[in-house]
Amino acid sequence: MDGAVDSLAQRARAGTLARLGIMGGTFDPPHLGHLACAEEALEAANLDAVLFVPTGRPAFKQDRLVTAGEVRLAMVAAAVAGNPAFAVSALEVERPGITYAVDTLRELREELPGVELVFIVGADAALTLPRWYESAELGRLAMFAAATRPGFELGEEALRVLRERRFDVRPFVVPGIDISSSELRQRVAEGRTIRYLVPEAVREIIEEEQLYRKEADHGRLA
């Protein structure tokens with residue numbers, strides 16, 4: 001069993017874990033926006049913990065190179081260090097083949113019986129849930145906390161359509177931190193600073209590994 005999931009299973013048996021947030025993503029790199037979203041979800045969805053699950057080979061990003069899974073895993077671990085409510089799982093990084101959310105939810109449901117799973121997504125991603133792989137099964141396995149911000153909101157009509165498709169989606173508002181991983185990669189490639197946009201420990205890994213520098217990316221991507 002994955003170490004983080006094993007620890008969560010122990011908490012569940014002890015009665016201190018009833019609702020678990022799952023935050024998937026490429027995290028290439030993880031940034032302050034990811035952390036702020038997870039922290040807000042923790043409170044808004046009444047979660048006991050948030051499990052970050054970096055993707056292995058994401059199905060929706062087969063058209064671009066992605067930093068090696070073990071490096072992204074190390075960056076996420078560095079980003080969440082010090083927050084006892086956050087944990088990081090290698091489930092998807094270690095799983096062979098293309099990564100699908102439904103497989104992760106099935107595995108977590110098996111390992112954490114009785115724990116309510118809350119999948120954290122952005123409002124834009126929530127709108128696409130009916131098109132996700134094995135979408136009907138997704139709605140059975142978890143409810144969804146959808147992060148909204150100005151310009152990325154979920155209206156009543158959109159929520160009604162999702163609920164008709166058996167998706168239990170609950171919107172919550174996140175602070176307006178306008179950062180994207182693609183922008184951060186571009187900044188590094190251009191030699192610009194990313195200080196205060198990512199945790200300092202993540203910035204140090206990016207520098208040590210020479211990530212996102214176009215001349216240095218060969219061999220560091222998966």
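Is phenylalanine 144 buried or exposed? Select phenylalanine 144 to find out: its relative accessible area is 0%, so this residue is buried. Keep in mind as you click around that you're looking at a predicted model.

Now for the aromatic rings. There are six aromatic pairs to find here, and we'll visit some of them. Start by selecting phenylalanine 119 and tryptophan 132. Their ring centres sit 6.0 Å apart with the planes at 80 degrees, so call this one edge-to-face, since anything over 60 degrees gets that label. Colour by secondary structure and you'll see that the pair links distant parts of the chain. Phenylalanine 119 belongs to strand E6 (residues 116-122), while tryptophan 132 is in the loop between helix H6 (123-127) and helix H7 (135-141), 13 residues apart.

Phenylalanine 119 comes out buried, at 9% relative accessibility. Tryptophan 132 has a relative accessible area of 23%, so it counts as partly exposed, the cut-off for buried being under 20%.

Keep phenylalanine 119 selected and bring back phenylalanine 144. These two rings have centres 6.0 Å apart and planes at 55 degrees, which means the pair is tilted. This pair also links distant parts of the chain, with phenylalanine 119 in strand E6 and phenylalanine 144 in strand E7 (residues 143-148), 25 residues apart.

Together, Phe119, Trp132, Phe144 and Phe167 make up one aromatic cluster.

Methods. Residues are numbered from 1 along each chain as its sequence is written. This is a predicted model: local features need pLDDT of at least 70, side-chain atom pairs count only at pLDDT 80 or more; totals for chains, interfaces and linings use all residues. Side-chain values use heavy atoms; hydrogens and water are left out. Rings of Phe, Tyr and Trp (its six-membered ring) pair if their centres lie within 6.5 Å; planes under 30 degrees apart count as stacked, over 60 as edge-to-face and the rest as tilted. Helices (H or I, at least four residues) and strands (E, at least two) are DSSP runs, numbered from the N terminus. Buried means under 20% relative accessible area, exposed over 50%, partly exposed in between (1.4 Å probe, protein chains only).
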